[in-house]
Every structure is written in C-alpha cells, then in structure tokens.
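Subject: Handing over a structure

Hi there,

Here is the structure I promised to pass on to you. Have a look at it first, and then read on for my notes.

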Amino acid sequence: MRPSAAHSRPFASLGLVSGAAFADLDGDGDADLALAVEWGPIRVFRNDGGSFADVTTAWGLADYPGWWTSVTVGDFDGDGRLDLAAGNWGRNSLYELNRPGPLRLFYNDTNRDGVVEIIEAWKHLDQWLPVRPRPWLARGFPDLSRRIPTHEAYGRASVADVWGAGFSSTDTVEATFLDSAVFLNRGTNFLAVPLPREAQWAPVFAVNTGDFDGDGHEDLFVSQNFFGSGFDLTRDDSGRGAWLRGNGDGTFTAVASGILLRGEQRGAALADFNHDGRLDLAVAQNNGPTKLYANIRARPGLRVILSGPPGNPEGVGAQMRLRSADGRFGPARAVLAGSGYWSQDSAVQVLARPGRAEVLWVRWPGGREQTVFLHPDQTEVRVTPHES
C-alpha cells in the first residue's frame, strides 16, 4: 500500500515528534491530532472529514516552541471542551543559566562526513553564544583548540566564531518555552498555563489525566527525571512523580499522595486495576522496576465501559460527561488509544459522581450523541451505540 501524497502533505515537516493524541478538540465529531515536538510547539492538526489542516498558528500554539516530550487531553476547567496537557523539560536544568531569552540549536553536516555537527546557543544582546564549554565542543570540532586557543578567547567567541568555515550554511531550530503546561481550549485559541513548580523541578515525560480523588475535577499525574545527561553534568533527578490535583479552573496544586519514585520515570498508565471505582497508577522506569500504586482513599466513581462497533470495540475517540439532577455537567472525558509518553490508559473510564449524577452523555466518533439514565447507587454502566 502506497501512502497518500495528499493526506501526507500536512505532516511533511514535523521535526522530532515525541508524543501524540487524537481527540475532538473543536467539537465537530472528528478526532483532531495533537503532537508533542522537540524544538517546536505543540502541533495541532484539525480533522475535517478525514483531511487534516495545520491550525497550530491559528489556535495560538505556535508562540510556545519547547522541548515537548508528551501530550494528552482533558477538560481541566470543566467547560466541556477538551484542553491539552503537555510535558516539557522544566525549569531546573543548566539551560536556566541562559534564560529567559531564547535557546537555539545550530546544526549541519558542514564537512560532508555523514555526521551532523550541532551547537546549542543562547542569545546575549545581538549575539548567539555557545551554551557548552570549550572542551565539550572541541570533541565535535577538532580544530577548535587551534582556532580559539584559550578559554579567555572562547569566552568572547560567538557561535559563528566557534563554528568557523561553513557557518553560513547551518540550519537552526529554536525553543523559548520550557515549562510543562496545560493549554486551555477557548474555542478559537488555546491559553497556556504553566503547571505548578513541583512539575518543573525535572523533565516531564508521561502526563496522564484522571480524577484521582473523586472530587469532580480532572487531575494530572506526571512522570519525571532524566539521567542521560552529559558526562560532566549532574543528572536531572529532582522529580519524584507528581500528582497534581485539579482546582476545576484549569489550575493545579501538587499534593502529597503516597507516590514516591526516585528513578528515571517514563511511561505511565491509569486504570481501575481492582475494579473498586478508583483510578490506580502504573509507572515504568528506565533500569528500574515498574511501580503499581493502588488508590485507596478516593471517593469511588462510576465505571463506564463502552462497547463500540467491531472496528472500534472500545469506543476510542468517544467523549462522555455526567449530568447531575440540577442540570450541571461534570468535565468531559475522552477515550484515547495512546497518549502522554509511549503509554495508554485503560479504555474503561472512572467518572466522579459528587452530585449524584443522573445522566451519562456520550458522543461517539462521528458525532452521534446519546444519553443513558443512571440509578442512584449504580457503580458501573456498559454503553453500546444503539442504546438510548
């Protein structure tokens, strides 16, 4: 099967993609695509009947190029629109020495030997200066010690001086925003809100959405840490894995949760493993054990199991909300097939029922809507598209 040139065209120049999530961001029934990109913004492609258009700039996301590691969705302010949550490199690395200005990567295979040379740089006044010290860059530029023989001279050198011949042919990418953040969906644009400082202490990889305490507000879990730093640098290990409790308005508060992970955390998944109506957590670690945390204190919620058609038995792409007796809706929840960082939450959703919700609203992929009436003490519901 040959790829479609027309359908592939919007994705021709994505760069380094590290995370993806399909979800209906504009409410038209089609699943849109959000991508986490290193040295670029969160890229969003609007789905219009199977054809995708890049709306990153139109929706206000192009202003936040970073080193994005992951992306997922959730209704963090309870308005029924799906927002974005994304992991980034944080605010506790060596690059903070050169902030708040932009960071730029110069790169090219100048001598045509098949090896791409790179220089990380920061901007001072009108000059780009190298981030790394002279011995570091001398390994990639063997003639550097001859051209710039002293550390004093190196301290005055620009990236152009360090690169030498061939600098004019270099390409660049840039990052200006390193906070892990949520982007609140305002209908026609997204508003960036950095996560609490506990999420900025180390690079974030997994980011997962769920109501961990059963209070009716969507929370986040973020996995953290990066041990692959350079030989002369300390590793980024200040994160312990953070539960960020949602305040219902798009902001979060880090809380003590019993989660304590000292390793290099990566993929994470949420699921009600023991079927008690509470969201549990599994976290994988590089060179360490996978940890499973049982949720024992949350208020139990409603387990929602979708039974979709043969081609989509778990109802991936569907959205749902609970409506209480007084007409108020809870936050929207999407069923995803993979999001965050190389992981996938359970398709079985656990929705909080703090107000004795009476009705479950479901919108299936394609836009068909239905409502399911609930019993007051119901703990689980199975929904198929033909129910009313």
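To start: is Pro149 buried or exposed? Pro149 is exposed, with a relative accessible area of 54%; here buried means under 20% relative accessible area, exposed over 50%, and partly exposed in between, with a 1.4 Å probe and protein chains only. You will find Pro149 in the loop between helix H3 (144-147) and helix H4 (151-155). Helices (H or I, at least four residues) and strands (E, at least two) are DSSP runs, numbered from the N terminus.

A word on the basis: this is a predicted model, in which local features need pLDDT of at least 70 and side-chain atom pairs count only at pLDDT 80 or more, while totals for chains, interfaces and linings use all residues. Residues are numbered from 1 along each chain as its sequence is written, and side-chain values use heavy atoms, with hydrogens and water left out.

Now the aromatic rings. The whole structure holds 20 aromatic pairs, counted when ring centres of Phe, Tyr and Trp (its six-membered ring) lie within 6.5 Å; planes under 30 degrees apart are stacked, over 60 edge-to-face, and the rest tilted. In Phe106 and Phe167 the ring centres are 5.6 Å apart and the planes are at 35°, so this pair is tilted. Phe106 belongs to strand S8 (residues 103-108) and Phe167 to the loop between helix H5 (159-163) and strand S11 (171-175), so the pair ties together parts 61 residues apart in sequence. Phe106 is buried at 5% relative accessible area, whereas Phe167 is partly exposed at 25%. One aromatic cluster includes Trp39, Trp67, Trp89, Tyr95 and Phe226.

Next, the largest pocket, with about 590 Å³ of space. A pocket is an open set of points on a 1 Å grid over the protein atoms alone, where a 1.4 Å probe fits, with protein on both sides within 12 Å along at least five of seven lines; lining residues have an atom within 4 Å of a point. The volume is the space filled by probe spheres set on the points, which are joined across faces, edges and corners. Of its 28 lining residues, Trp67, Trp89, Tyr95, Arg132 and Phe226 lie nearest the centre. Strand S2 (32-40) and strand S9 (117-124) are the elements that give two or more residues to this lining.

Finally, in strand S18 (residues 264-271), eight of eight residues are buried.

Enjoy exploring!
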